[in-house]
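Please look over the sequence and the model before reading on.

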Amino acid sequence: MQQDKLLDRILPSVVKPGRYIGNEWNIVRKGWDKTEVKFALAFPDIYDIGMGHLGYKILYYLLNQREDTLAERVYAPWVDMEAKMREHGLPLFSLETRHALSEFDLVGFTLQYELSYTNILNMLDLGGIPLRGAERSIGDPFVVGGGPCVFNPEPVAPFFDLFVIGDGEEVVIELVEAYREWKLEGSDREGFLLKAAAIPGVYVPGFYDVDYHADGTVKAVTPNRSGVPDRIQKRVVKDLDTAVFPDQFVVPYIDVVHDRVMLEVMRGCTRGCRFCQAGVIYRPVRERRRETLRKQAEALVASTGYEEISLTSLSTSDYSGIEPLVDDLLASYRSCGIGLSLPSLRLDSFSVGLADRIQSGRKTGLTFAPEAGTQRLRDVINKNVSEDDLLAAATAAFEAGWDAVKLYFMIGLPTETLDDVTGIAELAQKVLELGRKIRGKEGKAGRVKISVSVASFVPKSHTPFQWVSQAPLEELERRQDHLRRLLRDRAIAFSWTYVDESLLEAVLARGDRRVADVILRAWQKGCRLDGWSEHFDFAKWMEAFAEADLDPYFYSHRERDLEETLPWDHIDSGISKRFLIREWKRALAGQVTPDCRFEGCTGCRLCQDFDVRNELVGGEGPSENQS
Ligand code: SF4
């Protein structure tokens with residue numbers, strides 16, 4: 001009550017109060033005192049971003065389906081709200097019942113992006129939870145991490161009690177059950193952590209010691225309790241088709257990202273781009289059946305009132321039944337004004353054809369990701385698309401009436417030369433000229449616009465590029481300047497990422513446990529919302545590195561020896577190190593590796609060691625109501 005009154009006073013003075021009110025459509029509120037296990041789903045960024053996260057929608061639904069469990073949402077406050085909360089002593093609270101974070105039994109954070117790490121500390125602090133796992137006592141919640149970044153959890157290991165490696169749907173339920181058992185037994189915190197560590201896919205960092213060589217590299221990560229595994233194997237939901245999926249989403253009252261029905265048509269991608277961590281950690285490919293997706297769409301459209309259905313995955317045009325699925329959904333929903341969107345398309349004319357079929361309104365812009373400017377470099381990164389593919393896709397787009405094309409590239413890729421960077425500008429120019437020629441036939445050449453978006457390459461753990469050096473800041477800036485000079489045509493818009501943000505991302509992505517000290521110091525200096533450029537303060541981060549006596553270049557720029565023990569070697573993604581080394585050597589030789597879905601196993605060993613396989617079921621049989 002007291003807290004509600006305080007909120008009533010605070011909210012009129014902050015931007016977008018709708019971020020903190022809750023009470024949205026389809027919210028689940030349960031009796032706090034009557035529910036045994038209370039699970040906070042904490043998203044380490046603001047509401048506007050976190051509300052679009054599909055993983056948390058699944059977990060929210062899954063946990064709230066259990067009678068004995070409640071799940072509530074918690075988001076990072078924007079800076080104005082944080083200031084007010086600190087001024088008035090208001091703890092960070094859940095949107096459903098406004099309980100403080102510290103009152104939950106389990107607090108889960110999803111680690112989607114390295115630059116959100118200081119937000120985690122800020123949220124723990126605002127929520128009244130001691131920052132380090134070792135400082136927590138029996139009344140404190142257990143802090144759980146999941147998501148892609150936990151494949152190298154070491155830089156944030158001291159702040160977490162445990163991590164879930166891999167798909168979370170099954171583990172989260174096993175964790176809840178272990179928690180209930182532990183509560184009945186009435187043992188100490190270690191008692192629960194030992195139970196959790198026995199669950200496959202759970203990593204309890206406090207149960208492992210890290211030793212270092214004199215040169216600062218990791219010597220070994222060794223269990224310090226008996227019975228815990230040397231390596232923690234990721235969890236894989238083998239049958240995605242029968243895995244639980246929500247029949248309702250919480251519908252926000254303010255604008256958020258991905259505010260629409262999202263259907264996860266498949267999980268995983270085996271195309272094998274060598275820079276891509278998602279392609280490793282979400283392997284194998286598992287598709288949902290068309291009929292399952294139809295039913296999910298029906299339930300979600302009815303329960304949310306959304307007017308757009310998005311078919312999500314890492315590469316939706318690779319879904320084996322994409323054409324019949326699109327036809328099916330269009331036949332059912334177009335007449336009621338419900339549109340379809342395909343956010344991740346392969347770079348080919350087939351995908352443009354699909355996009356054309358689903359497009360009902362204005363053709364605003366199509367996005368392609370050639371990633372590199374020359375064929376040589378595209379072969380190095382195993383991006384199996386040619387210049388002809390790009391030009392064919394662009395031709396199809398302009399012929400279908402699109403005026404604008406966005407092109408995504410990276411600079412700083414391994415073996416890159418200035419010629420490769422020049423190749424980006426040449427490719428963009430070719431696409432522009434093609435557009436002017438084709439659209440010119442309708443007198444619309446002047447409307448053609450090309451956006452060139454260039455990110456700096458960040459080497460990630462568990463990829464064939466996990467050993468490589470990230471190009472130094474000055475070199476990345478030099479390459480950006482080079483492009484800026486070349487991209488002179490006013491019809492080409494050039495955007496780029498800040499290189500200092502990429503450097504920090506590279507440190508946090510491949511850091512060891514000592515980096516936690518830097519994160520803590522940076523947060524103490526006021527760093528938070530680092531993923532928001534207006535709040536990113538590189539100088540403070542550099543001070544934090546200096547005070548912790550760590551060199552950021554040791555983590556970002558140093559090329560690792562193939563024999564070196566990497567800080568994440570005890571986390572088993574299922575893809576063998578031998579395969580990654582082989583892929584790295586093939587990259588250096590400019591040899592491409594095909595997609596194992598279509599051209600046979602390429603030997604990553606996941607299927608053999610984890611007893612899984614690619615499941616392509618999307619195209620199977622016509623669905624009952626197909627028109
Ligand atoms: S083991 Fe073979 S088939 Fe299975 S994901 Fe790896 S490369 Fe593909």
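Which residues lie nearest the centre of the second largest pocket? They are Gly133, Ala134, Phe160, Pro205 and Gly206, out of 19 lining residues. The model is predicted: local features need pLDDT of at least 70, side-chain atom pairs count only at pLDDT 80 or more, and totals for chains, interfaces and linings use all residues. Residues are numbered from 1 along each chain as its sequence is written, and side-chain values use heavy atoms, with hydrogens and water left out.

**Second largest pocket**

- The volume of this pocket is about 280 Å³. A pocket is an open set of points on a 1 Å grid over the protein atoms alone, with protein on both sides within 12 Å along at least five of seven lines; lining residues have an atom within 4 Å of a point.
- A volume is the space filled by probe spheres set on the points, which are joined across faces, edges and corners.
- Helix H8 (189-197) and strand S7 (208-212) are the elements that give two or more residues to the lining of the second largest pocket. Helices (H or I, at least four residues) and strands (E, at least two) are DSSP runs, numbered from the N terminus.
- H8 supplies the largest share of this lining, 3 residues.
- The lining of the second largest pocket has 9 nonpolar, 7 charged and 3 polar residues. Here Ala, Val, Leu, Ile, Met, Phe, Trp, Tyr, Cys and Pro count as nonpolar, Asp, Glu, Lys and Arg as charged, and the others, Gly among them, as polar.

**Cavities**

- There are 5 cavities of 30 Å³ or more in the structure. A cavity is a set of grid points where a 1.4 Å probe fits but cannot get out.
- The largest cavity holds about 150 Å³ of space. It is lined by 20 residues, and Gly272, Cys273, Val280, Arg283 and Phe579 are the closest to its centre.
- Helix H9 (278-281) and H21 each give two or more residues to the lining of the largest cavity. H21 gives the most, with 3 residues.
- That lining divides into 9 nonpolar, 6 polar and 5 charged residues.
- The second largest cavity holds about 80 Å³. Its lining includes Arg19, Tyr20, Val74 and Tyr75.
- By class, the lining of the second largest cavity has 10 nonpolar residues, 1 charged and no polar.
- Helix H2 (18-21), strand S2 (69-75) and helix H5 (79-88) each supply at least two residues of that lining.

- Asp48 lies in helix H3 (residues 47-50). Asp48 counts as buried because its relative accessibility is 7%. Buried means under 20% relative accessible area, exposed over 50%, partly exposed in between (1.4 Å probe, protein chains only).
- The side chains of Asp48 and Arg19 are joined by a polar contact of 2.8 Å. A polar contact is a pair of N or O atoms within 3.5 Å; within protein, one must be able to donate a hydrogen and the other to accept it, and residues adjacent in sequence count only if both atoms are side-chain atoms.
- Arg19 also lines the second largest cavity.
- Glu583 sits in helix H21 (residues 577-588). Glu583 counts as buried because its relative accessibility is 4%.
- Leaving aside neighbours within four places in sequence, Glu583 is in contact (heavy atoms within 4.5 Å) with Arg274, Pro464 and Thr593.
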